[in-house]
Amino acid sequence: MKRNTLTLAVGGLLIVIFGLWLCAFQVRTIEVAVVTRFGKPTREITAAGLYFKWPPPIQHVHKLDQRIQKLEDKLTEDLTADSINLLTSVYMGWRITEPATFFPKFSGGSVTDAQKILTELLRSSKRAVVGKHPLSDFVSAGGDASRFAAIESEILAAVQEKVRANSYGIAVDFLGIKRLGLPETVTQSVLE
């Protein structure tokens, strides 16, 4: 008799643990979560804690990292306002601000897909801003200060505007020029 009671108690405990495992989930402080019902987002969770949901066939939880993500574009050649080729590389920091908007826009909350889109937005914004400025705004041989900070702010504002216009659920927090260079063919003529 004692054995049957013990077996039932252990079996009941295992069923409760398995039920909690299926219906409970934890959101950490560095995460946000999107709960989907049959593939459609139903709620977003931005506060850390323990939450409950229906079992997996009905609801799924997709956790997204809400920390700042770093994105760096490759060194690309752009034309300045005075028709000189300039090699530039830019970095930026972005984060997910609206998980329920971000999740459906990027196939299940794919950060890789978001970075591809952001890379294209960054390149087009950088190309447009670099094309408005002469080389002297980037490089100063005399005592004049270059306009780096203003140019970085222009690129940041252009990227932020495009992100806002497309409603990606993303915020771009900072942006900076990482590298600047001249193609080898131009270097000689500039130094002369």
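Phe138 sits in the loop between H3 and H4. Helices (H or I, at least four residues) and strands (E, at least two) are DSSP runs, numbered from the N terminus. With a relative accessible area of 4%, Phe138 is buried. Buried means under 20% relative accessible area, exposed over 50%, and partly exposed in between (1.4 Å probe, protein chains only). Phe138 and Phe148 are 10 residues apart along the chain, and their C-alpha atoms are separated by 6.3 Å.

This is a predicted model: local features need pLDDT of at least 70, side-chain atom pairs count only at pLDDT 80 or more, and totals for chains, interfaces and linings use all residues. Residues are numbered from 1 along each chain as its sequence is written, and side-chain values use heavy atoms, with hydrogens and water left out.

**Overall form**

The protein chain has 5 helices and 9 strands. Their order from the N terminus is α-β-β-β-β-β-β-β-β-α-α-α-β-α. The radius of gyration is 26 Å, well over the 16 Å that the globule rule gives for 192 residues, so the protein chain is more spread out than a compact globule. That radius is taken over C-alpha atoms, and the globule rule is 2.2 Å times the number of residues to the power 0.38. Along the principal axes, the C-alpha atoms fill a box of roughly 100 × 30 × 25 Å.

Of the 192 residues, 33% count as buried. The protein chain exposes about 11500 Å², and carbon and sulfur atoms supply 58% of this area. Accessible areas come from the Shrake-Rupley method with a 1.4 Å probe; for residues, only the protein chains shown count as cover.

Contact means heavy atoms within 4.5 Å. Among contacts in the protein chain with a separation of 6 or more, 66% are between residues 24 or more positions apart.

The protein chain carries 23 positive and 19 negative charges, and their mean positions are 17 Å apart. Lys and Arg count as positive and Asp and Glu as negative, while His and the chain ends are not counted. Each charge is placed at NZ of Lys, CZ of Arg, CG of Asp or CD of Glu.

**Aromatic pairs**

A search of the whole structure finds 6 aromatic pairs. One of them joins Tyr91 and Phe174; this pair is tilted, at 6.4 Å centre to centre and 55° between the planes. Tyr91 lies in strand E8 (residues 85-96) and Phe174 in strand E9 (residues 170-181), so the pair ties together parts that are 83 residues apart in sequence. Rings of Phe, Tyr and Trp (its six-membered ring) pair if their centres lie within 6.5 Å; planes under 30 degrees apart count as stacked, over 60 as edge-to-face and the rest as tilted. Tyr91 is partly exposed at 30% relative accessible area. Phe174 is partly exposed too, at 34% relative accessibility. Ring pairs also link Trp94, Phe102, Phe106 and Tyr168 into a cluster.

**Selected C-alpha separations**

| Residues | Apart in sequence | C-alpha to C-alpha |
|---|---|---|
| Arg123 and Asp78 | 45 residues | 9.6 Å |
| Leu75 and Ser167 | 92 residues | 28 Å |
| Cys23 and Ala149 | 126 residues | 50 Å |

**Residues in helices**

Arg123 belongs to helix H3 (residues 111-132). Arg123 is partly exposed, at 23% relative accessibility. Apart from its neighbours within four places in sequence, Arg123 is in contact with Asp73, Lys74 and Thr76.

Cys23 is in helix H1 (residues 2-23). At 22% relative accessibility, Cys23 is partly exposed. Neighbours within four places in sequence aside, Cys23 is in contact with Tyr51, Phe52, Lys53 and Pro55.

**Residues in loops**

Leu75 lies in the loop between strand E6 (69-72) and E7. Its relative accessibility is 35%, which counts as partly exposed. Beyond its neighbours within four places in sequence, Leu75 is in contact with Leu87, Thr88, Ser89 and Arg179.

Ser83 is in the loop between strand E7 (76-79) and E8. The phi of Ser83 is near 60°, a positive value in a residue other than glycine. Ser83 counts as exposed, at 55% relative accessibility.

Ser167 is in the loop between helix H4 (148-166) and E9. Ser167 is not a glycine, yet has a positive phi of about 50°. At 39% relative accessibility, Ser167 is partly exposed.
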